[in-house]
Structure formats: structure tokens, C-alpha cells
Amino acid sequence: MTSRPSQVLIEEPGAHRVEDHTPREPAPGEALVAVHAVGICGSDREVYQGNRPEGYVRYPLTPGHEWSGTVRAVGAGVPAALVGRKVVGEGFRNCQVCDRCHAGETTLCSAGYEETGFTQPGAMAATLTLPARLLHPLPDDADLTAAALLEPAACIAAAALKAAARPGERVAVVGTGTLGMFAVQFLRSVSPAELLVVGTRDDREALSRRFGATDFRLRDRELPDDFDVVIETAGSASAARTAAALLRRGGRLVLTGIPAPGADGLDPTDLVVRQLEVHTVFGAPPDAWAHAVRVFGAGLLDPLPLVTHELPLTGFPQAIELVGAGDPKVGKVLLRP
């Protein structure tokens, strides 16, 4: 007897169930995707625990914003050639008509926040129905398990585009989690003269060097101060200060982490006197998604070594525990509908 399709439903903070799932037929402009794998990240843990800021989650909710799958059906107005394609998809449900959307800054849409897996049904289900315009087709031979990590990769692609590192520059990454390892790979692809990784765990040195780092140092050791580009991914105020201190005068800094509210920030005097160029990233706009998919398709991005656990949807509670345990042996956790 075959099992029935299922989905995770978080009814309210701390309360969830795995229930039967009925696919929603795509309306005009939509596509129905059979989900292959969905990643768990810290924001999913926030949704489950009730720690996500007000306005950025809507219960009851099927979570899941990092995913990959195959298009099974499309609604009116969507090219039929999309059926059967392997895809990933953007999460932000932007309006496409406000000034920020017209400028290509869709993650800053002024029509209000809506995102797959937070305010709209997510991918911890057998299928996901969403606007087809959000989909990014993958090569036919793409590994869908690896592709499930392209959402965090797209966020770092946005950082890489803003950093605009050039061949021969000295570049660095602060942070050694999933985002940090993606930053290493994106920066390695532009052929830097040096690629330094700075972290708090020496057990990440081997993986950092595997992805292209030429040097690895712990944050509590003496660090250089003459790098051209630094991408910060650790999500703490101290990491941001470390990242800024690594730069030469006139260097370029991209911050992607979100510290806890009330954290002390960078010293504005230091920023001005050293004339640092500072960029920030919140989510991934379409150009960053396209860049991530292109780099992945070219074989320059290898997400698979970051995956340490794959569980069925019924393993959702275990997955949440793994993500929050702080165990250095836990990397990316995937659920497989």
C-alpha cells in the first residue's frame, strides 16, 4: 500500500502535526511543483518556537522556504514547456509594481511582506503551488538534493554581486556556517589572490580549504587589516566589527548576518575615516537567484558537502532540535517529502 501525500502544519508556536496533503491545482500564472527536498534553517526554528517578529509569520502555517522540485502542472498563461523541469523558486511574493520592485529590489517590496513558508504555504509538503514567475529552471542533470540549498546560496550570491570582487583582489569571509561556505565558493570563482576564512571553530578549516580558502584563522587570533573585500555571514555584531577591521582603507564590506536587537554596531568614525564601502543584504532578488543558479549549473557551487542529515517529514521535530543543538557535526538538515 502506498503512503498518502503529507505536509507539516504548525498550528501555533510549539504545536505542529503531520497531516494529509491535497495538492492545490495551479490557477492562471501558477505552477504546481512536486517537492524533492526542503531545507531547515534558523528562521524555521523561530517560526516553530514563536520567536519570529510580528508581521513576518502567519499561523497556521506549512513552513519551508528552501526547496527544490519538479514542475508537475501549470495554470493558464504559463508555458507548457515548464512541465517536467527541475526548478527552485524565490520566496518573496513581491507586487512587481511598486518603485522598489521596478528597481529590481524585490526583497524591499513596499506592498508589504509576503514570503513562501512564512506567510504563504511552504514546501514542507508533497507539493507546492506558487506563482510561476518565481521559478528558476535548473539544468536537466541537476542534483535536486544539492539544489535544495540554492535559497541560502542565492542570498550569498546577492552579497557576492554587491562585493564586486575582481580577479587578483584579496578577499575574506567571516563566518563558517552554510552561508560562509557559500561565500567562500562564490569568491573563489572570481580567482582572488588570497581567500581568508575567519571563524570561531577550527574544525571548519578543512571544509573551508576544500571550497577554495587559501588561509584560515580563528577570530580570537591576530588578524590582518589589508583586505580588499570582506563578506560577513556570522550574524553577530562582533563578527561585523571583525569583518570591518580586516579591510584596507577604501575596502568593501558586505554584511549578511542579522544580530540580535540592540546589538552595538560598527563605529561610524572608523567607517568614515577609512572610507569603507558598506553594503547589506536582506534576502535575494531575482538577479541574485539567477546568478546562483548559473554558478551552480556551471559546477562552481557544490552544496552537497554541507548536507549532514536527511529525514522524512515526520522527522520535523528532530530536524528542529538538530538545527538548534549547536552540535558541530550538524550541517544542513533536509526533509524529504
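Reply: Two strands pair if DSSP finds at least two bridges between them, and strands (E, at least two residues) and helices (H or I, at least four) are DSSP runs numbered from the N terminus. This is a predicted model, in which local features need pLDDT of at least 70, side-chain atom pairs count only at pLDDT 80 or more, and totals for chains, interfaces and linings use all residues. Residues are numbered from 1 along each chain as its sequence is written, and side-chain values use heavy atoms, with hydrogens and water left out.

Me: Why are strand E11 and strand E12 called paired?
Reply: Five bridges join E11 (residues 227-232) to E12 (residues 247-255), and at least two are required, so the two strands pair. They run parallel, with phenylalanine 227 opposite leucine 247 in E12.

Me: What makes strand E10 and strand E13 the edge strands?
Reply: The open sheet has six strands in the order E10-E9-E8-E11-E12-E13, with parallel pairing. E10 (215-218) and E13 (277-280) each pair on one side only.

Me: Which residues line the largest cavity, and how do they divide into nonpolar, polar and charged?
Reply: A cavity is a set of points on a 1 Å grid over the protein atoms alone where a 1.4 Å probe fits but cannot get out, and lining residues have an atom within 4 Å of a point. His65, Glu90, Gly91, Phe92, Glu115, Glu151, Gly283, Ala284 and Trp289 form the lining, which divides into three nonpolar, three polar and three charged residues; Gly counts as polar and Glu as charged.

Technical notes:
1 Å grid on protein atoms, 1.4 Å probe; cavity = no way out; pocket = protein on both sides within 12 Å on 5 of 7 lines; lining within 4 Å.
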